[in-house]
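Here is a walk through one protein model, written for someone meeting this kind of thing for the first time. Keep the 3D view open as you read.

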Amino acid sequence: LAAALSVAMATPATPGLRAVLARELHYLRREPWDLALLLWFPMASLLLLLWMFSTGIPTGLPIAVVDEDHSVASRELVRRMAATRGVAIALQAPSLEAAQPAVRSGRVYGVVHIPANWERDGLRHTPQPVVLYDNAQFSLVAGIVGGDVRAAVGSMGLDSALASEAHFGGGLAQAALRLGGVQVDLRTLFNPSLSYEAYFAGMLLPVALHLFCVIAAVSALGREFRNRSVDAWLHAAGGSLPRALLGKLAPLAAVYLLLAMAVVATFAGWRGWPAAGSLGLWMAAIAMLMIVSIAIAILLVGLTINLRTALSLTGIYVATGLAFSGFSYPRAAMGEAAQWWGGLLPYTHYLPLQQGQWLGAAPASAWAQGMAPLLLFIAVPLLVGLPLLGRAVRQPARWGGR
Amino acid sequence: VTFWRALAATVAAALRDRGLVIMFVVAVPVYSFFYPLPYATQAVRHVPLVVVDLDASPLSRDIVSRLSAVPSVRIDGSASSVDEARTALASGQIAGIVLVPENFARDAARGTPTAVTVFGTGAYPVQDKAVLGSVGAVLQGVVVEVGGTRVAHQGAPAAALLQSARAGPAFIDQPLYNLARGYGSYVVAAVGILIVQQVMLMAIASLVGTWLERRTGTLFGAPRLGLSALVGTLIAFALFVFLALLYFIGLVFWFHDYPRGGNFGGALAFAALTALTVASLGIALGAWFADRERAFQVLLATSVPFVFMSGIVFPREAMPAPINALAMLIPTTPGIFGFVKLNQMGASWSEIRPEFLNMAALLLLYALLAGWAVHWRRQERCA
């Protein structure tokens with residue numbers, strides 16, 4: 001980068017594309033904050049997000065057990081719960097009342113209650129339920145804890161059913177066959193282990209990059225108006241706005257396209273989830289998202305001619321985009337207004353493209369259908385934003401807005 | 001400048017700045033309606049499902065009709081093979097596939113091993129769990145009935161069948177605090193605190209940066225800066241944060257009918273502490289940035305890492321220790337846990353001790369940092 005900077009710096013400043021480029025690089029070299037916002041800050045954030053979810057699947061989540069049965073079976077159940085991957089028994093409390101403070105203080109995520117006479121009543125065919133009280137304010141954790149405790153209880157039930165069925169002869173194998181009969185088979189396709197690294201890092205890295213790219217492009221454009229330096233900027237481009245935009249945004253586009261490719265390489269290569277569909281189509285989609293980000297920045301600055309307001313709009317329009325995209329809560333489940341707004345956000349359209357090509361082996365035709373709206377997110381902002389910018393650069397009275 | 005004059009002048013400056021009054025007063029209410037919108041329905045509903053019915057028996061049709069009564073899913077047509085439906089699942093058009101195999105009804109009646117298979121997609125884990133959980137529960141019910149019918153045909157005593165049919169569940173998963181497992185109740189309770197912090201940090205840091213640029217305001221306008229003026233400014237900023245927090249934990253949680261008010265007195269006290277911490281950090285950042293727009297540029301992209309670093313979504317137990325340590329420097333980390341415990345879980349003051357200590361330490365740290373940064377900038381620029 002330093003070498004590229006010095007080469008560009010050496011270029012004599014005759015007006016033209018190279019002069020705009022040199023001016024932009026010169027500015028970035030002089031202003032460490034702007035360089036950091038363009039480059040170091042996003043890179044650090046991507047690494048942080050990647051590192052955050054690197055364990056993939058939470059294990060050893062602490063729960064409490066209240067065993068009022070004190071039977072062989074209840075101790076076996078406790079042993080089986082402790083043996084699951086997700087939970088760890090952090091506390092054995094004498095009563096539910098005694099366990100409550102541990103939940104409220106956040107020491108444990110839930111309490112498993114095994115009632116008195118649980119084993120005896122089970123053998124008499126009047127079973128009492130084992131109850132898990134889980135902290136539903138921690139939705140993801142509650143899901144993991146609930147699944148593992150349910151599995152442990154279920155395995156106990158299956159074993160006892162098998163043992164009693166075996167009384168009718170044929171041994172355990174015949175009993176299993178008789179009990180087996182009809183099953184319900186629940187399967188997760190694509191990311192079957194539900195790795196949270198693939199889930200969270202996989203979705204958050206592209207959206208973070210998208211947001212950083214909009215912020216960087218809004219800042220690059222907006223600061224010319226804030227600093228009232230539009231004349232110098234256009235002068236370097238020989239008076240042509242398209243050339244001025246190209247020269248200004250080229251380094252930024254190069255940085256973000258490279259980072260986008262690095263994100264794809266990180267998941268498909270380093271972290272070991274190769275694309276089930278087409279790696280090329282995924283790369284094309286994420287590259288498109290970066291171009292979309294720049295187009296949106298042109299629109300936001302064109303609309304506001306004010307760096308601060310454009311950044312505020314970035315907060316509303318881009319930074320909240322994740323919530324509406326269906327990355328966690330499915331879009332089909334949202335109300336109409338939320339679905340409609342989500343449809344107006346580019347990330348909503350990018351997400352199924354990525355998940356389809358990366359995890360799901362979606363066909364190219366589905367990809368092409370999904371890319372069409374992304375193209376609109378380039379065309380419409382440019383069609384609206386460019387004329388607005390074109391007018392604003394000729395109106396010095398509107399410059400300098402803070 | 002006295003304490004009260006600094007306080008009044010700061011409040012006036014925040015309200016008179018035409019660009020920033022939006023951040024100080026309007027932004028939090030706007031976000032409070034806008035952000036919960038996707039989660040307003042609270043429970044996953046209507047996600048599209050495709051049925052591959054290779055059996056075409058009364059039993060398989062019964063399964064389809066029961067599934068169409070499940071609120072979390074909606075039957076979005078049928079396919080002739082799993083491969084055909086799988087394409088739609090891969091491209092995210094549908095959320096799941098239910099496969100009833102050939103001769104399912106016959107095998108079920110004979111006791112020949114067979115299975116109804118439900119496919120979800122791990123590309124969208126929340127949706128996957130909702131589909132497999134709700135559809136799985138319905139199908140499990142069908143399977144139990146079919147098994148009962150079979151053993152009845154084979155001559156099992158009616159009394160035993162009745163007893164097993166009437167037996168309660170072996171396992172109950174009972175949610176605490178968020179009793180309906182509302183998705184919004186879980187997300188917004190946490191993100192609301194983040195919204196207040198981010199909006200207020202931007203507003204305060206931007207105003208302090210503006211003062212520094214123009215050498216005005218209570219911090220950089222006067223030739224001398226006393227401790228009372230510094231504290232007055234801090235309290236004035238904290239007042240805005242405090243009101244925004246009360247608005248969220250009082251009005252917004254009530255409006256959306258989220259769990260709330262578990263320990264309101266405790267929440268008030270914790271809000272005061274949080275407000276002072278956020279205000280201190282805002283002043284420190286503003287003095288460091290020394291620029292009106294910088295706070296927006298820097299803080300906009302921190303929201304997503306901050307909410308995940310708090311540990312409310314992905315558990316702290318699963319995050320690397322250095323990240324957990326770093327997270328303790330962000331007010332939302334003790335803030336989100338502290339407020340969720342007080343408001344939603346009804347924790348007592350002693351039960352939020354770790355969050356209180358963390359927040360108090362941050363207040364001390366950032367108040368000192370704010371004082372030092374302001375002092376440093378004054379010496380550098382206003383001397």
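## Before we start

This is a predicted model, where local features need pLDDT of at least 70 and side-chain atom pairs count only at pLDDT 80 or more, while totals for chains, interfaces and linings use all residues. Residues are numbered from 1 along each chain as its sequence is written, chains are lettered from A and ligands numbered from 1 in the order in which they are written, and side-chain values use heavy atoms, with hydrogens and water left out.

## The largest cavity

How many cavities of 30 Å³ or more does a search of the whole structure find? There are five. A cavity here is a set of points, on a 1 Å grid over the protein atoms alone, where a 1.4 Å probe fits but cannot get out, and its lining residues have an atom within 4 Å of a point. Points are joined across faces, edges and corners, and the volume is the space filled by probe spheres set on them. For the largest cavity, that volume is about 110 Å³.

Its lining includes Glu24(A), Asp34(A), Ser219(A), Arg223(A) and Lys248(A). Two or more lining residues come from each of helix 2 (17-30), helix 3 (32-52), helix 9 (196-226) and helix 11 (241-270) of chain A. Helices are DSSP runs (H or I, at least four residues) and strands are too (E, at least two), numbered from the N terminus. Helix 9 of chain A gives the largest share, four residues. Sorted by type, the lining has seven nonpolar, one polar and four charged residues; Ala, Val, Leu, Ile, Met, Phe, Trp, Tyr, Cys and Pro count as nonpolar, Asp, Glu, Lys and Arg as charged, and the others, Gly among them, as polar.

## The second largest cavity

The second largest cavity holds about 100 Å³ of space. Among the residues around it are Leu49(A), Phe212(A) and Leu322(A), along with Ala301(B), Val304(B) and Pro305(B). At least two lining residues each come from helix 9 and helix 13 (307-319) of chain A and from helix 13 (303-309) of chain B.

Helix 9 of chain A again supplies the largest share, here five residues.

Rings of Phe, Tyr and Trp (its six-membered ring) pair if their centres lie within 6.5 Å; planes under 30 degrees apart are stacked, over 60 edge-to-face, and the rest tilted. Take Trp33(A) and Phe289(B): their centres are 5.3 Å apart and their planes sit at 85°, so this pair is edge-to-face. The pair crosses between chains, from helix 3 of chain A to helix 11 (residues 264-289) of chain B. Trp33(A) is partly exposed at 25% relative accessibility, whereas Phe289(B) is buried at 5%. Buried means under 20% relative accessible area, exposed over 50%, and partly exposed in between (1.4 Å probe, protein chains only).

There is also an aromatic cluster made of Phe53(A), Tyr196(A), Tyr199(A), Phe200(A), Phe327(A), Phe308(B) and Phe314(B).

## Charges over rings

A charge sits over a ring if NZ of Lys or CZ of Arg is within 6 Å of the ring centre and within 35 degrees of the ring normal. Lys248(A), one of the residues lining the largest cavity, lies over the face of Trp233(A), 5.4 Å from the ring centre. In chain B, the charged end of Arg316(B) is over the ring of Phe337(B), 3.7 Å from its centre.

Most residues other than glycine have a negative phi. His125(A), though not a glycine, has a positive phi of about 60°. You'll find His125(A) in the loop between helix 6 (118-123) and strand 4 (130-135) of chain A, and it counts as partly exposed at 49% relative accessibility.

Arg215(B) isn't a glycine either, and its phi is positive at about 50°. Arg215(B) sits in the loop between helix 8 (183-214) and helix 9 (217-220) of chain B, and is partly exposed at 39%.

## A capped helix

Which residue caps the N-terminal end of helix 13 of chain A? Asn306(A) does, with a side-chain oxygen 2.9 Å from the backbone nitrogen of Arg308(A). Arg308(A) is one of the buried residues of that helix, which also include Leu307(A), Thr314(A) and Tyr317(A).

Technical notes
1 Å grid on protein atoms, 1.4 Å probe; cavity = no way out; pocket = protein on both sides within 12 Å on 5 of 7 lines; lining within 4 Å. Polar contact = N/O pair within 3.5 Å; in protein donor to acceptor, adjacent residues only side chain to side chain.
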